[in-house]
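Here's a quick briefing to read with the model open beside you.

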Amino acid sequence: MTTFRWQADLAECFTDPGALLAHLGLEDSELADATAAQAFGFRVTRSYADRMRRGDPRDPLLLQVLPAREELFGAPGFTADPVGDQAAAVVPGVLHKYQGRALLVTTGACAINCRYCFRRGFPYGAYQLGRQAESEALGYLAADPSIGEVILSGGDPLVLSDTRLSDLVGRLAAIPHLQTLRVHTRLPVVLPSRVTHGLTDALASSRLVTVMVIHANHPNEVDGAVLAGLQQLRDKGFMLLNQAVLLRGINDEAEVLASLNRRLALAGVLPYYLHQLDRASGTAHFLVSDQRARAIHESLRRRLPGYLVPRLAREIAGEPYKTLL
Ligand SMILES: *Cc1c(COP(=O)(O)O)cnc(C)c1O
Ligand code: SF4
């Protein structure tokens with residue numbers, strides 16, 4: 001079987017915090033918490049690590065992936081399933097929460113483990129869409145004509161092979177009432193080598209309109225390689241949006257977010273949501289208060305053209321849509 005370059009890149013991820021810290025010239029400090037790294041695995045692509053500043057323990061990219069002691073502290077209101085995904089799982093691999101849209105948990109795997117991830121405590125592996133569950137999932141979508149949009153999520157759907165993706169897209173396109181294929185992925189940001197002609201062909205192989213929602217939080221994440229990949233996706237006609245999570249000490253300043261959105265606009269990516277943190281266990285130290293979140297958003301509206309201002313939102317379990325603050 002051919003191994004593609006992105007698959008080789010994925011296999012070469014840092015999975016040991018000590019190795020990443022040494023790579024950054026931070027070997028003397030005890031920055032990573034070993035117990036936290038055991039509770040939620042450590043994983044960072046080399047490409048993402050190369051965008052971190054050497055010798056800076058407060059680097060905004062490093063802080064997104066570095067296991068911290070604070071993750072072990074409990075906090076009231078922070079739980080393993082903060083957005084009610086368990087209740088929304090209608091058949092294995094399908095979350096159906098909102099009218100007209102259904103989400104497929106294609107895989108539990110990601111290229112990178114973000115410490116603030118709302119999935120960190122939830123057994124997505126158990127909900128993911130194996131080949132066996134796939135037929136049942138597609139049957140569910142086919143049986144509900146109110147569903148016009150399917151969201152491929154995970155984990156990260158783009159860790160699936162091109163063959164698996166084009167196969168899935170083909171089966172989805174055969175469901176007549178589906179119009180839109182949405183892909184939620186962080187790979188174009190954390191593993192830009194994933195964006196290949198094989199990938200764009202696999203996703204564009206059907207009649208479905210393709211929307212890709214990427215996930216970048218900080219302007220330092222968006223280097224030339226990332227912009228080139230995004231441009232390639234756009235050249236294929238995909239609608240490109242970004243969602244970011246508001247994170248204390250990382251991007252909780254208007255100028256940082258303004259700069260992120262201006263950079264993404266260079267490749268035609270518009271901001272979608274700016275999420276208030278989902279309250280997953282072990283993430284409380286990333287929380288930005290609502291008051292501060294609103295002030296940052298207000299400041300973004302002053303600084304940016306309207307189309308570069310994201311919607312400030314949070315997900316509340318049981319609500320019929322994501323709630324705007
Ligand atoms: C966020 C989410 C969606 C999409 O919501 P939009 O507001 O359309 O982006 C759909 N399904 C689930 C389960 C979600 O969590
Ligand atoms: S689902 Fe997204 S936020 Fe969570 S670990 Fe994977 S890439 Fe990071």
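Helices here are DSSP runs of H or I with at least four residues, strands are runs of E with at least two, and both are numbered from the N terminus. L308 counts as buried because its relative accessible area is 5%, where buried means under 20%, exposed over 50% and partly exposed in between (1.4 Å probe, protein chains only).

Bear in mind that this is a predicted model, in which local features need pLDDT of at least 70, side-chain atom pairs count only at pLDDT 80 or more, and totals for chains, interfaces and linings use all residues. Residues are numbered from 1 along each chain as its sequence is written, chains are lettered from A and ligands numbered from 1 in the order in which they are written, and side-chain values use heavy atoms, with hydrogens and water left out.

**Around ligand 1**

- Which residues are around ligand 1? They are L95, K97, Y98, R101, L103, I151, R182, Y272, Y273, E315 and K322, where being near a molecule means having a heavy atom within 4 Å of it.
- Sorted by class, that shell around ligand 1 has six nonpolar residues, five charged ones and no polar ones. For this sorting, Ala, Val, Leu, Ile, Met, Phe, Trp, Tyr, Cys and Pro count as nonpolar, Asp, Glu, Lys and Arg as charged, and the others, Gly among them, as polar.
- On its own, ligand 1 has 390 Å² of accessible area, and the protein covers 91% of that (Shrake-Rupley method, 1.4 Å probe; for residues, only the protein chains shown count as cover).
- Two or more residues of the ligand 1 shell come from each of β2 (94–98), β3 (101–105) and β8 (270–275). The largest share, three residues, is from β2.

**Around ligand 2**

- Ligand 2 has C110, I112, N113, C114, C117, R119, R186 and H215 around it.
- By class, the ligand 2 shell splits into four nonpolar, two polar and two charged residues.

- E221 lies in the loop between β6 (209–215) and α12 (224–235). It counts as buried because its relative accessibility is 0%. The E221 side chain reaches the backbone nitrogen of N217 at 3.0 Å.
- D162 is part of helix α9 (residues 162–173). At 13% relative accessibility, D162 is also classed as buried. Its side chain makes a polar contact with the side chain of R194 at 2.7 Å.
- D85 belongs to helix α6 (residues 85–88), and at 4% relative accessibility D85 counts as buried. D85 and K97 are twelve residues apart along the chain, with 8.3 Å between their C-alpha atoms; K97 is one of the residues around ligand 1.

- What separates the C-alpha atoms of L308 and P271? The distance is 5.9 Å, for residues 37 apart along the chain.
- L264 sits in helix α13 (residues 254–265) and is buried at 1% relative accessibility. L264 and L230 are 34 residues apart in sequence and 8.7 Å apart C-alpha to C-alpha.
- I175 lies in the loop between α9 and β5 (180–185) and counts as buried at 6% relative accessibility. Its C-alpha atom is 9.6 Å from that of G148, 27 residues away along the chain.

**A backbone detail**

- Where is the cis peptide bond? It joins G154 and G155, with omega at about 10°.
- G155 lies in the loop between β4 (149–153) and α9.

Methods
A polar contact is a pair of N or O atoms within 3.5 Å; within protein, one must be able to donate a hydrogen and the other to accept it, and residues adjacent in sequence count only if both atoms are side-chain atoms.
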